[in-house]
Amino acid sequence: MFQQNMFDSHNFLLDLSHKTSENEMDLIRDDEFESKSGADTTELAPSGDDQDPNKRPKKKQYHRHTQHQIQELEAFFKECPHPDDKQRKELGKRLGLEPLQIKFWFQNKRTQMKAHQERHENTQLRNENEKLRAENIRYKEALTTATCPNCGGPATIGEMSFDEQHLRIENARLREEIDRISGIS
């Protein structure tokens, strides 16, 4: 079906190319592409007999909100980020917007707020991760320079915990001091 439509469309363009100039052909191709793509339309094309080949689908109107509308919407959002139908209708009447426009604005605003919050959390987690990495590097360096409390040689990793190693070093130092003091007395 689709191939047949494409074939018919191609034949139609070939017939027109013999009767029209290059610029007119470009316009026809653009019109044909836009009407088939459906990306720029707001209404669905009617099916079957309802379709009028002379009518082009309406293009989507882009609407930018005024500063006053944005301020009102922002203020309302702070109080209620999920307005119900009644609140959307009332707000729409007050601001001169359709309830659907209000609905989409709030939807977009919630998505924007969520993305902003996630970026903030990601930054915090990244910073915390960097601190943990630095701490991990310090511990690894301390383990590589650790000495055996018994012989004073290099300690093997995994032989004892970091705290245990420090306690043994401290014990060895205290024993030496006790021996030195005992020798004096």
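Tutor: Happy to, and keep in mind that this is a predicted model. Let us begin with helix H3, where Gln69, Leu73, Phe76 and Phe77 are buried. They sit on the same side of H3, because the arc they cover around the axis is only 105°.

Student: How many residues does H3 have, and what distance does it reach from its first C-alpha to its last?

Tutor: H3 runs over residues 67-79, which gives 13 residues. At 1.5 Å a residue the expected reach is 18 Å. The model comes close to that, with a first-to-last C-alpha distance of 19 Å.

Student: Which exposed residues does H3 carry on the face turned away from its buried side?

Tutor: Exposed here calls for a relative accessible area over 50%. On the face of H3 turned away from the buried side, the residues that count as exposed are Gln67, Lys78 and Glu79.

Student: Which helices are included in what covers the buried residues of H3?

Tutor: Cover is a matter of contact, with heavy atoms within 4.5 Å. For the buried residues of H3, it includes helix H4 (85-95) and helix H5 (99-144).

Student: Lysine 109 lies in helix H5. Is lysine 109 buried or exposed?

Tutor: The cut-off for buried is under 20% relative accessible area. Lysine 109 has 11% relative accessibility, so lysine 109 counts as buried.

Student: With which side chain does the side chain of lysine 109 make a polar contact?

Tutor: Leaving aside neighbours within four places in sequence, lysine 109 is in contact with Glu74 and Phe77. Phe77 is one of the buried residues of H3. The polar contact, at 3.0 Å, is with the side chain of glutamate 74.

Student: Now for the salt bridges: how many are there by this rule?

Tutor: A pair qualifies when a side-chain nitrogen of Lys or Arg is within 4 Å of a carboxyl oxygen of Asp or Glu. By this rule the count is 6.

Student: What is the N to O distance in the salt bridge of aspartate 85 and arginine 88?

Tutor: Both residues belong to helix H4, 3 residues apart, or about one turn of the helix. Residues three or four places apart in an α-helix point the same way, because there are 3.6 residues a turn. Arginine 88 counts as buried at 15% relative accessibility. The N to O distance between aspartate 85 and arginine 88 is 2.2 Å.

Student: Helix H5 holds arginine 133 and glutamate 130. What relative accessible area does glutamate 130 have?

Tutor: The side chains of these two meet in a salt bridge at 3.2 Å, N to O. Arginine 133 counts as partly exposed at 47% relative accessibility. Glutamate 130 is also partly exposed, and its relative accessible area is 44%.

Student: Which residues are linked with Arg173 in a network of salt bridges?

Tutor: Arginine 173 and glutamate 177 are 4 residues apart in helix H6 (residues 162-184), about one helical turn. They form a salt bridge, with the closest N and O atoms 3.4 Å apart. The network links Arg173 with Glu170 and Glu177.

Methods
Residues are numbered from 1 along each chain as its sequence is written. This is a predicted model: local features need pLDDT of at least 70, side-chain atom pairs count only at pLDDT 80 or more; totals for chains, interfaces and linings use all residues. Side-chain values use heavy atoms; hydrogens and water are left out. Helices (H or I, at least four residues) and strands (E, at least two) are DSSP runs, numbered from the N terminus. The expected span of a helix is 1.5 Å times one less than its number of residues. Buried means under 20% relative accessible area, exposed over 50%, partly exposed in between (1.4 Å probe, protein chains only). The arc is that of the directions from the helix axis to the C-beta atoms. A polar contact is a pair of N or O atoms within 3.5 Å; within protein, one must be able to donate a hydrogen and the other to accept it, and residues adjacent in sequence count only if both atoms are side-chain atoms.
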